[in-house]
Amino acid sequence: LSFMAATPSPPIVCGTKSQPVELKAGEQKKWCSCGHSKTQPFCDHAHRTSNTGLKSRRFTAPTDGVYRFCMCKMTANASGLCDGSHKKLAAGAASSTRATSVARAAGPHLSASFVRMAISRSLASRVVRAVSRLPI
């Protein structure tokens with residue numbers, strides 16, 4: 001029998017812009033590379049239960065300052081810092097990202113496919129208002 005390494009599943013795009021985070025010199029963070037973490041942009045080990053094949057990436061701040069972490073999960077930077085890959089995402093991916101974010105906020109009340117349809121029909125603001133009224 002031959003065994004092959006499992007191919008990692010693609011990450012969930014969590015945003016189309018980087019997330020600025022202020023860190024002190026020497027402070028360490030684990031960046032979420034799979035997109036399943038509820039503490040974006042940082043890892044909460046959700047990849048372990050999601051079986052994504054992806055792992056967190058450690059970042060240590062060399063100096064005090066603001067560091068911009070990747071939210072699209074497409075960065076080639078080994079530490080999880082943004083490299084501008086989000087600029088290459090297609091408009092469709094951006095609307096899918098918004099749909100996923102709104103659906104996550106709504107929990108079981110709305111599906112991502114419903115939200116995607118609403119966004120594609122320019123009803124995004126209505127969906128956001130409706131979600132904000134839900135007892136979550």
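The sulfur of C82 lies 5.7 Å from the closest cysteine sulfur, that of C70, which is too far for a bond. A disulfide is taken as a pair of cysteine sulfur atoms within 2.5 Å. The model is predicted: local features require pLDDT of at least 70, side-chain atom pairs count only at pLDDT 80 or more, and totals for chains, interfaces and linings use all residues. Residues are numbered from 1 along each chain as its sequence is written, and side-chain values use heavy atoms, with hydrogens and water left out.

The disulfide count is zero. Accessibility is classed as buried (under 20% relative accessible area), exposed (over 50%) or partly exposed (in between), with a 1.4 Å probe and protein chains only. C14 is buried, because its relative accessibility is 13%. C82 is partly exposed at 25%.

S33 sits in the loop between β2 (28-31) and α1 (46-50). Helices (H or I, at least four residues) and strands (E, at least two) are DSSP runs, numbered from the N terminus. S33 is buried, at 7% relative accessibility. Its side chain reaches the backbone oxygen of K55 at 2.6 Å. Contact means heavy atoms within 4.5 Å. Beyond its neighbours within four places in sequence, S33 contacts P11, L54, K55, S56, R57 and K73.

T16 belongs to the segment before β1 (19-23). T16 is partly exposed, at 31% relative accessibility. T16 and G84 are 68 residues apart along the chain, and 9.6 Å separates their C-alpha atoms.

Terms used: Polar contact = N/O pair within 3.5 Å; in protein donor to acceptor, adjacent residues only side chain to side chain.
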